[in-house]
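Dear colleague,

Please find the structure below.

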Amino acid sequence: MISLNNVTKVFKTKSGMITAVDNVKINIKEGEIFGIIGYSGAGKSTLVRMFNGLERPTKGTITIDGKEISKIRGAELRKARQEIGMIFQHFNLLWSRTVRDNISFPLEIAGVPKAKRKKRVEELIKLVGLEGREDAYPSQLSGGQKQRVGIARALANNPKVLLCDEATSALDPETTDSILDLLLDINKKMGLTIILITHEMHVIRKIAHRVAVMENGKVVEVAPVMEIFKNPKTDITKRFVQQITDEEETMEAVQHLLEKYSTGKIVKLTFIGETAEQPIISELIKEQSISINILQGKISQTRTGSYGTLLIQLVGDTEHIDKAIEQLKKQQVGVEVISHD
Ligand SMILES: Nc1ncnc2c1ncn2[C@@H]1O[C@H](COP(=O)(O)OP(=O)(O)OP(=O)(O)O)[C@@H](O)[C@H]1O
């Protein structure tokens, strides 16, 4: 559906050349929710601007639904852009127009006749849950409602792709979740391909199928979301995963515990999918002569299953502790020994 082949973007500035996007290769499938995560300056915005032809690659090609976006210009590009909706962090609404007229705007531009426009606007208002707010102005809406207008407007011309550039970054956590639920709903109902640009792992965890991690213009890792949680390969990916698992904080607490209790071993277990629902710990206590202190546990739901971590302290004699670790390793559980005696 979307393919980026060796895409590079170099900006010439007074202080020299900046490679904002560096040799990026990604293939996104039709109907997929694909996340692109990176910290500020990683190159996400530049990449997204190339998706809809606002910026041209210095090298490489971008093909969307068979059209090479990076090559076409003028009327052909304007037409291709109708297939690509976009929503923004700060909504970019027209402040002097009502909700209804904001949503109608792209239809006017596309030359849709009045009666058809009216019908489509009503459909979209229902789809995004803004019934009763049709005549309000953007300044009278909450952040979440403004983004709903943004989504309705982006979907007006039935695009095949929706680009979301930090679309929930200005919203509180609860409103973020309601907007993500709406995007998920639209993806399921319409089979729309969604690209999420974000610096928040929560957004990826909640709705994405796959994610690309960007650093210094490069994609350093691409994988299904569950895989990224299970086995983050690069340091930057580990930092993003820690946003969700609170691992950094936990590790501080573990350091304190290590100083306080010098016995046993501290083990981090990672549960993926079905293993998160099995009684692994109770079996361990039954079968091995050790005691277990539970230090911290967390379970999160991703689009394709659950993911959990559990930090435990195994106390007993070394032989039994080693046996317990062996037993854990035989299960479909990630086992990492954090400390030794
Ligand atoms: N038009 C431009 N001219 C010169 N340099 C640019 C231009 N646009 C972006 N850059 C540089 O390219 C790099 C990547 O920027 P980009 O905005 O794509 O990153 P980002 O991941 O979207 O970060 P943010 O979330 O802060 O926007 C940065 O070093 C930025 O300064």
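An open sheet of six strands runs in the order 6-7-8-3-9-10, with mixed pairing. Here strands are DSSP runs of E with at least two residues, helices are runs of H or I with at least four, and both are numbered from the N terminus; two strands pair if DSSP finds at least two bridges between them. Strand 6 (84-88) and strand 10 (218-224) stand at the edges with a single partner strand each, so one side of each has no neighbour in the sheet. Neighbouring strands are turned by 15° against each other on average, direction ignored. Axes are lines fitted to C-alpha atoms, for helices over the stretch in contact, and angles run from 0 to 180 degrees between N-to-C directions.

Strand 3 (residues 33-37) pairs with strand 8 (residues 193-198) in the parallel sense over five bridges. Phe34 has Ile195 of strand 8 as its bridge partner.

Helix 5 (residues 143-155) packs on the sheet and touches strand 6 and strand 7 (161-165); its direction makes about 165° with that of strand 6. Contact requires C-beta atoms, placed from the backbone, within 7 Å.

The protein is divided into domain 1 (2-223) and domain 2 (246-339), with bounds from an automatic or database domain assignment. Their C-alpha centres lie 40 Å apart.

Please note that this is a predicted model, in which local features need pLDDT of at least 70, side-chain atom pairs count only at pLDDT 80 or more, and totals for chains, interfaces and linings use all residues. Residues are numbered from 1 along each chain as its sequence is written.

Yours sincerely

Terms used:
Two residues are in contact if their C-beta atoms, placed from the backbone, lie within 7 Å.
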